[in-house]
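My notes follow in the order I checked things.

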Amino acid sequence: MSLAAALKSAWSKPLLHALCLLPLLLLVFGLFADSLGANPVETLTHETGQWALRLLLVTLAMTPLQQWSGIAAWVRFRRMLGLYAFFYVVCHFSIWLVFDHSLDLAAMLEDIVERPYITLGFSALLLLIPLAATSTRAMIRRLGRRWKSLHRLVYAITALAVLHFLWLVKADYLEAGIYAIIATTLLLFRLQPVRRLASRTSAPTR
Ligand code: HEM
């Protein structure tokens, strides 16, 4: 079976759902099996943050993949991946709110104002809400051209998320730096000259 046929097949979406839910299942399993290390809350915060960022970057990679491979079916997964990124951000935020702040809204607001990396992460979360809320087919139809403009917010969200990670790192910048390079490459792809160059070297769309 060709890659284009596999991406268009009926099982590609259920498989992607399973892959996106796997990290969550492993974390829940780890929690019950007591295998999340000495500080399970820290592990949960870090893992959900990492998966949120990975899924955000994979979402952004769908359009370039479509252009380079010439396979239109890549973009079928964009909405699902974006919603899973949002889901992991909400888990990440909820863990912080419940375990770090015991649902104390005043302490939460103080943290958002006083710690720049929290300000950046929280801004990314706030900007993701309108994107998730307008991801239904009905909203896409209703907003028309405005939908596309609104969804360009994903570029700002990615930049905020990467800065959030870079800001909180205290010593070893390698991991956050790799995310920053991938995000910058994906964001550069949105620039017209880079897109034109890519479409000149890409295969015709199937
Ligand atoms: C798009 C939104 C966000 C993304 C993609 C994201 C991603 C990340 C990543 C990748 C990490 C580092 C994980 C590691 O060190 O392995 C992290 C850590 C963290 N994030 Fe977020 N985050 C987001 C939003 C938020 C929000 C809204 C909050 C809370 C208001 C938050 C609070 C934290 C905290 C407390 C840490 C751990 C800091 C530490 O280790 O000292 N994040 N996040």
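I started at H164. One of its polar side-chain atoms lies 2.8 Å from a nitrogen atom of the ligand. The model is predicted, and I read every distance here with that in mind.

Next I looked up H92. An N or O atom in the H92 side chain is 2.7 Å from a nitrogen atom of the ligand. Then I turned to H46.

I asked which elements give two or more residues to the shell around the ligand. They are α3 (40-69), α4 (78-100), α6 (116-133) and α9 (153-168). The largest share, seven residues, comes from α6.

How many residues surround the ligand? I noted 21, and the closest are H46, G49, Q50, H92 and H164. I then sorted the shell by class. It has 14 nonpolar and seven polar residues, and no charged ones.

**Surface patch**

I moved on to the surface. L21, L22, L25, L26 and F87 form a nonpolar patch there. Together they have about 430 Å² of accessible area. Which helix gives the patch its largest share? I found helix α2 (residues 12-33), with four residues.

V90 was next. V90 is found in helix α4. I put V90 down as partly exposed because its relative accessibility is 31%. I also took a distance from V90 to G30. The two are 60 residues apart in sequence, and their C-alpha atoms are 19 Å apart in space.

I finished with A106. Where is A106 placed? I found A106 in helix α5 (residues 105-114). A106 has 54% relative accessibility and therefore counts as exposed; the cut-off for exposed is over 50%. Last, I looked up A106 against L188. They are 82 residues apart along the chain, and 39 Å separates their C-alpha atoms.

Key: Residues numbered from 1 in each chain as written. Predicted model: local features only at pLDDT ≥ 70, side-chain atom pairs only at ≥ 80, totals over all residues. Heavy atoms only, no water. Near = heavy atom within 4 Å. Polar contact = N/O pair within 3.5 Å; in protein donor to acceptor, adjacent residues only side chain to side chain. Nonpolar A, V, L, I, M, F, W, Y, C, P; charged D, E, K, R; others polar. Patch = residues over 30% accessible without salt bridge, like charges linked within 9 Å, V, L, I, M, F, W, Y side chains within 5 Å. Areas by Shrake-Rupley, 256 points an atom, 1.4 Å probe, with all protein chains shown as cover. Salt bridge = Lys/Arg side-chain N within 4 Å of Asp/Glu carboxyl O. Buried < 20%, exposed > 50% of the residue type's maximum accessible area, 1.4 Å probe, protein only.
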